[in-house]
Amino acid sequence: MEREPLGATNRAGATRLCHGWGLTVALVTSALVLYIGYILRLDGATGPSPLPWWSVALAFAATEAFTVDFDLEQQPFVFSLSSLPLMVALAYLSPGELGLVILAGAGGLIVGDRGKPAPRVVANVASLLFYSSLAVCSYRLVLGDAGPIEPGGWRAAAAVAVTQFVVSNMLAEAGIALESGRFRLHYTRVTFVGSCIIEVLATIAGLLLVVVLWHQPGAVWIPLLLVAALIGALRLVTRVSRRAAKLELLSEFMAQRSLDSRELMTSLLARVRELLHCRVAEIVVVSGGSQDVAFRLVLDQRGQASATTPSAAELAQTLAGRARVQNESIIVTRHADEQELLDLLPDDAAMGAVAVPLRGEQGVLGAIVAADRENTKVFDDRDREVLETVASHAGAVIENSLLLERLRSEAAAMEHEATHDALTGCANRTLFRKRLEEALLWASEKEGSLVGVLLIDLDHFKRLNDGEGHHAGDAFLIETSARLNAAAPPGATVGRLGGDEFAIVLPRMGRADAVTKLAARLTEEVSAPVHLEHTTASIRPSIGEATYPVHATSPSHVDNASLLLRHADQAMYRAKGRRSGGVYEEDEAALSSGH
């Protein structure tokens with residue numbers, strides 16, 4: 001696929017970057033307007049007992065810094081428990097203290113996002129400030145004069161949950177669309193339902209925490225302990241399920257050693273897509289240490305595989321090629337600091353990509369790439385570790401598969417060389433005899449079956465070869481063999497027995513006169529002029545014909561092969577004896593005299 005010019009790519013990237021920063025500025029401005037224009041004018045919350053604002057702020061920061069991830073129907077989910085301290089803050093703290101709590105959450109988010117590109121961290125902080133401020137506004141608007149633990153407080157908590165869920169996900173999709181330059185929903189049915197369940201459970205847990213603090217502050221450790229136990233169980237189950245999925249993938253892959261290398265790599269990419277929840281997977285393999293030719297296989301979001309053989313220059317413009325050359329893993333997001341890495345991403349890889357080198361016993365074979373996440377989660381170090389584990393096992397299997405294919409190819413080439421004429425590619429005398437015996441053996445077991453043999457000699461070929469040189473003679477023989485192969489019926493074997501002598505085995509013939517008609521057509525085909533480098537030559541062939549069982553009646557198919565060749569040879573010399581070439585069939589009288 002032709003890539004855009006580097007200047008155009010850079011301009012498009014700069015435009016998307018400006019759009020992203022524009023959204024960030026708009027979110028921060030909107031959060032300030034909400035806070036100054038509405039939140040600061042609210043009356044302070046009236047809890048039954050004072051609650052240090054800094055304790056809630058620390059809890060809010062901690063929940064934003066340390067998120068929880070788990071799998072549901074093999075879909076990864078990452079969520080924050082910030083709803084718990086946010087509910088407490090809404091019920092207990094003043095507007096000014098709420099602002100400090102939200103800022104503390106932003107600080108915790110910065111800690112949690114450490115190591116990520118700065119633009120992404122800033123965008124995430126801006127989103128948090130906006131939807132948290134919006135959540136405070138929706139809570140107080142719905143709450144009215146009701147208390148936090150009254151039914152009105154429950155409705156207000158539900159409003160907060162809906163606000164956070166809708167706004168945060170809309171902002172995530174908007175951010176991805178601005179970064180990638182195109183809009184596409186990243187939520188499936190499973191991820192949408194799962195996210196709704198998580199938000200509802202977090203809101204219920206926050207309400208439960210407020211109720212306990214309101215009535216029995218000393219028992220607050222009970223719901224916190226339940227939440228911690230639930231999180232611990234989720235993490236344990238997720239860790240076990242992911243390890244089982246990885247082992248299952250590897251075991252299935254290792255069991256497919258019998259597949260050829262392309263099928264093996266296609267199967268691997270399908271499992272990479274499943275394991276890392278990505279739309280596109282790619283593998284590049286450079287065999288034999290060549291730096292100029294590679295094999296690249298891409299499995300797209302429709303599950304269709306496309307293979308190419310890029311040059312070294314083309315391979316250098318891909319993320320897989322970069323990972324192979326550097327012999328190290330690479331994670332790229334749309335907010336990568338290096339524009340050079342961004343240029344390596346496909347246009348639709350909205351959530352970035354991760355690439356790891358593919359190593360074998362002989363060194364680096366190539367690289368594996370997972371790109372375009374199915375959900376809004378970007379690739380991270382955990383995804384890199386998973387892909388590295390897959391690559392470490394796949395490298396040896398693919399290397400062995402490529403080695404076996406090379407050995408089979410070399411063996412096939414040696415066999416072909418031993419059984420075919422080097423000049424014309426026709427069967428040599430050994431293979432021709434084998435095919436003739438096989439056809440006769442089959443015909444001997446099928447009543448009414450006929451086998452024909454044609455021997456073809458090019459009259460006066462020696463004049464052309466001596467007069468125009470061996471180069472012209474070889475070219476004429478190559479053209480003659482091509483014409484014979486083109487005219488021969490399916491299943492026939494065209495052989496070159498030596499010099500200017502060719503032969504054809506015609507198995508499973510329906511009628512004897514079909515052999516004669518074919519011989520006549522071959523005479524016309526071969527007699528047509530052949531345009532050579534410095535001349536045009538026309539040579540008429542002499543063709544001898546013999547047919548089983550008319551000209552060979554031995555019980556042995558081996559003896560019948562010899563008889564057919566002998567009588568076809570006699571018929572060919574009878575045709576040549578007429579000095580005008582043509583076809584001659586060995587008749588029964590000649591056959592009886594030949595005995």
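Q: How do I read helices and strands here, and how many are there in the protein chain?
A: Helices (H or I, at least four residues) and strands (E, at least two) are DSSP runs, numbered from the N terminus. In the protein chain you'll find 19 helices and 15 strands. Keep in mind that this is a predicted model: local features need pLDDT of at least 70, side-chain atom pairs count only at pLDDT 80 or more, and totals for chains, interfaces and linings use all residues. Residues are numbered from 1 along each chain as its sequence is written, and side-chain values use heavy atoms, with hydrogens and water left out.

Q: In what order do the six strands of the open sheet stand?
A: Start with pairing: two strands pair if DSSP finds at least two bridges between them. The order in this sheet is β5-β4-β3-β8-β7-β6, with antiparallel pairing. β5 (305-308) and β6 (330-332) are at the edges with a single partner strand each, so one side of each has no neighbour in the sheet. On average, neighbouring strands are turned by 15° against each other, direction ignored; for such angles, axes are lines fitted to C-alpha atoms (for helices over the stretch in contact), and angles run from 0 to 180 degrees between N-to-C directions.

Q: How many bridges join strand β7 to strand β8?
A: Eight bridges link β7 (residues 353-360) with β8 (residues 363-373), and the two run antiparallel. Look for alanine 355, which stands opposite valine 369 in β8.

Q: Which strands does helix α9 lie across?
A: Contact is the idea you need, and it means heavy atoms within 4.5 Å. Helix α9 (residues 261-276) lies across β3 (278-285), β4 (295-299), β5, β7 and β8, running at about 145° to β3. Helix α11 (residues 319-326) also packs on the sheet, where it touches β3, β6, β7 and β8, and its direction makes about 145° with that of β8.

Q: Which residues of the largest nonpolar core touch the most other members?
A: Buried means under 20% relative accessible area, exposed over 50%, and partly exposed in between (1.4 Å probe, protein chains only). A nonpolar core is a set of buried Ala, Val, Leu, Ile, Met, Phe, Trp, Tyr and Cys residues joined through side-chain atoms within 4.5 Å. The largest one has 50 residues, and Val88, Leu90, Tyr92, Leu93, Val101 and Val160 touch the most other members. Helices supplying at least two residues each include α1 (6-37), α5 (118-143) and α6 (151-180). α5 gives the most, with twelve residues.

Q: Is serine 127 buried or exposed?
A: Serine 127 lies in helix α5. Its relative accessibility is 15%, so serine 127 counts as buried. Leaving aside neighbours within four places in sequence, serine 127 is in contact with Leu27 and Leu171. For the protein chain, buried residues make up 47% of the 595 residues.

Q: What about backbone angles?
A: Most residues other than glycine have a negative phi, and most peptide bonds are trans. Histidine 277 has a positive phi of about 55° although it is not a glycine. You'll find histidine 277 in the loop between α9 and β3, and with 8% relative accessibility it counts as buried. Arginine 508 has a positive phi too, near 55°. Arginine 508 sits in strand β11 (residues 501-509) and is exposed, at 57% relative accessible area.

Q: Where is proline 549 found?
A: Go to the loop between β14 (541-548) and α18 (557-577). The peptide bond from tyrosine 548 to proline 549 is cis, with omega near 10°.
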